[in-house]
Amino acid sequence: MGEKIGGEATFRSILIAGAGPVGLTAALELARRGFTPRIIDDGPGPTPVEESRALGVNARTLTLLSPSGVAERIVDAAQSIDCFRVRAGERTLFELDASQVQGRFSAIRGLAQGQTERLLLEALSSYGILPEWRTAIVAGEIADFRKPEVTVRRPDGAMETVRPDILVGADGAHSVVRKALGARFPGEALEAYFYLVDFRYSGQIDTHFGEVSIFDPGMIGRLPVASDVVRYISTLEDFESRIVHPATIAERLWASQFRIHFRHVEPMAKGNVFLAGDAAHIHSPAGARGMNLGIEDACWLAWLIAEGREQEYSALRIPAVKQVLKQTYGLTRLITMTNPLAIAMRNLIAPLVLRFGPARRVLLRSVAGYDTPKPPWIDWAE
Ligand SMILES: Cc1cc2nc3c(=O)[nH]c(=O)nc-3n(C[C@H](O)[C@H](O)[C@H](O)COP(=O)(O)OP(=O)(O)OC[C@H]3O[C@@H](n4cnc5c(N)ncnc54)[C@H](O)[C@@H]3O)c2cc1C
């Protein structure tokens, strides 16, 4: 089992803006191919584990992070999710066995984003690379995309002019790099809000399943965060009163709310400036794809840079981004329905369709992230 690594890493200076999961992955994938990227982040450090947005790490991400050894560390640390259930009242509409997806990894595992970031950081530090925290790209225009020039604000407030050969904008949904490119971020915001809360329980609880309980209207999703922590996510503002707790609550760890946007930038690069992760696309957490898709961007970009083919990045990534946005949009519309007739139809038709093997396989493949092109530099079957 190995990986085809491209030609010699020619010396090119690379600046990565953002040390979230996507920027860290880009830095790690470049480092293991012989590059020494500089990575900066506006924040004080990685995401606090208890304020993690992403939880679901899919099988495709594990494939991508195998060559660096991070996948195995994620598997050790993560909660396995053996099945998914969708329920309406007392009725189970359908159940999916996550282990039925073919390949080395089961479809998806649960690990707090803050922990995933720490595992990436640890691997990156073995190459002698650490993010420069409290260090930001300052808003401004990039005049020449082939030889970008940006201003970086250091922790002491001093300003520095940087002219990297390659600039990677992995600086999240409000990306300064995207704005500096003058790129639009078209799409739409849904009317619906999502609410989440994480509870820590005392005593043993079953964390090996994911569940969606459908109401008329609205839903509550349940996902494991750790062996004693469960996340609930809902479209209902008063959802906490409807949670059926599996054990005694030890702590209400974190609560948040957010509005869903579906947006993506096109193209994802101009000259030698590249956008990856939330800087390039945002969508609903339904399907747990955002971080996974961004990690995929980062891995493709690093491989293309090493191959000297980075100008192909946007054309190769856009179809995958569009596919995931379309799929999460459909899924989000299904769970945010308010029309009673549409809800009744959904509750009738979804279980019938998912009784058939091919439909279950398609759904599982997308949960696993196998519905986007397989990375060509990885020479084993997923
Ligand atoms: C409730 C919720 C649940 C989710 N669940 C999942 C899930 O289960 N699975 C999944 O795959 N995805 C999930 N997502 C999506 C996921 O959280 C994001 O897609 C992911 O965090 C994107 O990573 P990123 O590195 O692109 O951006 P971010 O994580 O936003 O990181 C961007 C980094 O850039 C830094 N930065 C910002 N501006 C600057 C600047 N000017 N200069 C330098 N640095 C800067 C920030 O400090 C930050 O550290 C979820 C999202 C939400 C809201």
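In this predicted model, three strands make up an open sheet in the order β3-β7-β4, with antiparallel pairing. β3 (56–58) and β4 are the edge strands, each with a single partner, so one side of each has no neighbour in the sheet. Strands here are DSSP runs of E of at least two residues, helices are runs of H or I of at least four, and both are numbered from the N terminus; two strands count as paired if DSSP finds at least two bridges between them. Antiparallel β3 and strand β7 (residues 108–110) are joined by three bridges, and valine 57 has arginine 109 of β7 as its bridge partner.

Residues are numbered from 1 along each chain as its sequence is written, and side-chain values use heavy atoms, with hydrogens and water left out. As the model is predicted, local features need pLDDT of at least 70 and side-chain atom pairs count only at pLDDT 80 or more, while totals for chains, interfaces and linings use all residues.

Strand β15 (residues 229–234) is mostly covered, with six of its six residues buried; buried means under 20% relative accessible area, exposed over 50%, and partly exposed in between (1.4 Å probe, protein chains only). Val229, Arg231 and Ile233 point one way from β15, while Val230, Tyr232 and Ser234 point the other way. Strand β12 (residues 187–202) pairs with β15 in the antiparallel sense over six bridges, and tyrosine 195 stands opposite serine 234 of β15. Strand β14 (residues 219–226) is also antiparallel to β15 and joined to it by six bridges, with leucine 223 opposite arginine 231. A hairpin of two residues connects β14 to β15.

Turning to charged pairs, the structure holds 28 salt bridges, each a side-chain nitrogen of Lys or Arg within 4 Å of a carboxyl oxygen of Asp or Glu. In one of them, arginine 333 meets glutamate 188, with the closest N and O atoms 3.9 Å apart. Arginine 333 belongs to helix α7 (residues 313–335) and glutamate 188 to strand β12, so this pair ties together parts 145 residues apart in sequence. Helix α7 also holds lysine 322, which forms a salt bridge with glutamate 266 at 3.4 Å between the closest N and O atoms. Lysine 322 is partly exposed at 39% relative accessible area, and glutamate 266 is partly exposed at 48%. The side chains of arginine 317 and glutamate 296 form another salt bridge (3.1 Å, N to O). Arginine 317 lies in helix α7 and glutamate 296 in helix α6, so the pair ties together parts 21 residues apart in sequence. Both arginine 317 and glutamate 296 are buried. Elsewhere, Arg38, Glu132, Arg154 and Glu160 are linked in a salt-bridge network.

Helix α6 (residues 290–307) also contains leucine 301, which counts as buried at 1% relative accessibility. Leucine 301 and alanine 31 are 270 residues apart in sequence and 13 Å apart in space, C-alpha to C-alpha.

Leucine 341, in helix α8 (residues 340–353), is exposed at 64% relative accessible area.
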